[in-house]
Amino acid sequence: MSQVNLVHVTKRFGKVTAVNDLNLEIREGECFSFLGPSGCGKTTTLRMLAGFEDLDEGEVIVGNKIFSSSSKKIYVSPEKRNFAMVFQAFAVWPHLNVYNNVAFPLKHRRLSRTEISERVERALLYTSLSKVKESYPNELSGGQQQRIALARAIALNPTVMLLDEPLSNLDPKLREEMRFEIKDLQKRFGLTIVFVTHDQAEAMAISDRMLVMSEGVAQQVDTPMNIYNHPTNKFVCGFIGLSNFIPALIKDGQVITEADPEAGVITTQIPSEIKARRVTLACRPSEIDFVSEGGVRGVIKRLAYLGEIIDYRVQVGSSEIRLQKLRRRGVLQEGATCFLKFNRLHWYEEQEA
Ligand code: ATP
């Protein structure tokens, strides 16, 4: 069931269009990420959802209720939306102990003492903070402080939890652990989570589905796996995972690299929808093989040992192609001539030169 709908949402700041005609449906119980480079409009979208920012055009609908509508002049204030927000900065009150940090917003809502105690204890239990409930934030680690913010959000029983780069201030190891904890909380409480990040690995790990944005425009909405395997355009292909982009020409039904037309033919089936003669071929480093004959000729310029994987940089004419192969499959040396076979290509048409 869809819980949150953004319909033709646009937001401008002066001449900058921060979010441009965004349509989005977030389902109940899913963890949905907004992913994209700095300045692409993720936070502005989240703030419009939360009610901290008004809309220039469009509507925000939650369940069957309109929360914001520019044309109908409807605006439901943030505190009436029953959302909980967790920010990048650890928003904890230093003069309150852990229990009271979590209880504070509930007291503000004038809930009974018993209900507050039940909700707080449950939230502390699920965020592994029960043992430190008497401690003050300055006695706790960064991870524990961010858990206080999560516990506070859970205790509010929100319809939707909005998380804006909540793990950015944590060290990489803790960051990874917290991803699993958030995922776990989502499943246990059946929470709907909207998660903002510029870190694609984080978004891939945590999301059921995600939106990839660039310059205020939605580029693709899908599961992490589908986006990785079927990126709709060059931007998404380059932003999600590693990719080689190989300029190529189609001549007499054959595909050759623009960087070195003499290097050999790329053995592949040209998709029927490709009509242009100039294309960019995108290929993941793991989806290229070394072959003993045929394929595209290149020279190994550099290689790096990444544990079990070897990362090769192969020079083909004026361009460089990156491959990643398992070390146990054998190691080719720098300076060696090699032949490349592309197992899976994404095709993007280009203008004639
Ligand atoms: P980051 O990852 O750096 O937080 P973001 O993807 O969240 O970036 P936004 O913060 O939503 O991007 O900003 C989108 C665009 O809108 C940017 O060009 C930004 O400079 C602009 N912008 C955001 N808020 C304001 C504001 N209050 N006044 C003017 N411009 C703004």
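Q: Which residues of α4 are buried?
A: This is a predicted model, in which local features need pLDDT of at least 70 and side-chain atom pairs count only at pLDDT 80 or more, while totals for chains, interfaces and linings use all residues. Residues are numbered from 1 along each chain as its sequence is written, and side-chain values use heavy atoms, with hydrogens and water left out. Buried means under 20% relative accessible area, exposed over 50% and partly exposed in between, with a 1.4 Å probe and protein chains only. By that rule the buried residues of α4 are Gly143, Gln145, Gln146, Arg147, Ile148, Ala149, Leu150, Ala151, Arg152, Ala153, Ile154 and Ala155.

Q: How many of the 14 residues of α4 are buried, and is the helix enclosed or open?
A: Helices here are DSSP runs (H or I, at least four residues) and strands are runs of E (at least two), numbered from the N terminus. Helix α4 is largely enclosed by the rest of the structure, because the buried residues number 12 of the 14.

Q: What distance separates the end C-alpha atoms of helix α3?
A: The expected span of a helix is 1.5 Å times one less than its number of residues. For the 14 residues of α3 (residues 113–126) this gives 20 Å, and the distance found between the end C-alpha atoms agrees, being 20 Å.

Q: Over what arc around the axis do the buried residues of α3 lie?
A: The buried residues of α3 are Ile116, Arg119, Val120, Ala123 and Leu124. The arc is that of the directions from the helix axis to the C-beta atoms, and these residues are on the same side of α3 because they cover only 130 degrees.

Q: Which side chain has a polar atom 2.6 Å from an oxygen atom of the ligand?
A: A polar contact is a pair of N or O atoms within 3.5 Å; within protein, one must be able to donate a hydrogen and the other to accept it, and residues adjacent in sequence count only if both atoms are side-chain atoms. A side-chain N or O atom of lysine 42 lies 3.0 Å from a ligand oxygen, as does a backbone N or O atom of glycine 41, also at 3.0 Å. The side chain with the 2.6 Å distance is that of serine 38.
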